[in-house]
Amino acid sequence: MLSSFKPTWMVESIYQITPEQLKRENIKAVLTDLDNTLIAWNNPEATEETIAWIKLMKKNDIKVVILSNNSRKRVKKIASILELDFIPRALKPLTRGFKKALKDYSYSEEEWLMVGDQVITDIRGANKAGIRTVLVKPILDSDAWNTRLNRFVELKIMNYLIKKDPEMKWRDTIHGRRIKE
């Protein structure tokens with residue numbers, strides 16, 4: 001049962017995911033969580049690093065779509081700055097938002113990748129929708145009040161998964177070397 005929380009890959013940061021890695025896996029589109037994955041949860045601004053990563057993806061014909069549980073107003077503000085499509089109120093870990101992406105864009109499940117910082121919402125939801133996943137470390141160590149309980153439960157889930165599969169390690173890229181912890 002806990003295998004539904006297991007990410008395909010674990011990479012320290014979304015910025016370490018390159019078009020070359022994605023193309024090697026035949027990934028043509030990326031769904032990305034917003035808070036603590038693409039931007040800091042408490043800062044509605046995009047960093048230069050975020051903007052550069054998105055430009056790199058676009059230059060290499062990789063579609064990037066924000067998939068967030070946040071309100072339309074919050075997600076639209078960031079998506080407008082980044083010139084990205086978005087799906088708000090995704091209700092992750094339910095598959096509603098993922099299915100909307102599959103319906104609205106001409107990519108199959110195998111061509112999508114979900115990148116997020118939470119196993120309970122991002123990873124589990126994508127796994128249930130048949131989409132491969134990358135778990136990233138949160139940009140900030142702090143979280144919004146509604147995420148704190150998830151982090152406590154996630155720690156228990158991750159400890160279990162790592163005990164069952166010692167190969168579950170943070171890496172510097174999708175196919176990269178393990179990071180020493």
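Predicted model: local features only at pLDDT ≥ 70, side-chain atom pairs only at ≥ 80, totals over all residues.
The largest nonpolar core comprises 28 residues, of which I17, L22, L38, W53, V115 and V134 touch the most other members. Two or more residues are contributed to this core by each of the strands β1 (9-11), β3 (63-67), β5 (112-116) and β6 (132-136) and by each of the helices α2 (48-59) and α3 (72-82). The greatest contribution comes from α3, with 4 residues. In soluble globular proteins, nonpolar side chains tend to be buried together. When neighbours within four places in sequence are set aside, the contacts of L22 are I17, I27, V30, M57, I62, L113 and I174.

Aromatic pairs number 2 in the structure. In one of them, the ring centres of Y105 and W112 are 5.9 Å apart and the planes meet at 70°, so the pair is edge-to-face. Y105 and W112 are both buried. The pair of Y107 and W112 is also edge-to-face, with 5.5 Å from centre to centre and 80° between the planes. Within it, W112 has a relative accessibility of 0% and is buried, whereas Y107, at 22%, is partly exposed.

R124 is located in helix α5, which spans residues 119-129. Its relative accessible area is 24%, so R124 counts as partly exposed. Beyond residues up to four places away in sequence, R124 touches S4, F5, P93 and V119. R124 and L94 are separated by 30 residues in sequence, with a C-alpha to C-alpha distance of 8.4 Å.

How values were computed
Residues numbered from 1 in each chain as written. Heavy atoms only, no water. Core = buried A, V, L, I, M, F, W, Y, C linked by side-chain atoms within 4.5 Å. Buried < 20%, exposed > 50% of the residue type's maximum accessible area, 1.4 Å probe, protein only. Contact = heavy atoms within 4.5 Å. Phe/Tyr/Trp six-rings, centres within 6.5 Å; stacked < 30°, edge-to-face > 60°.
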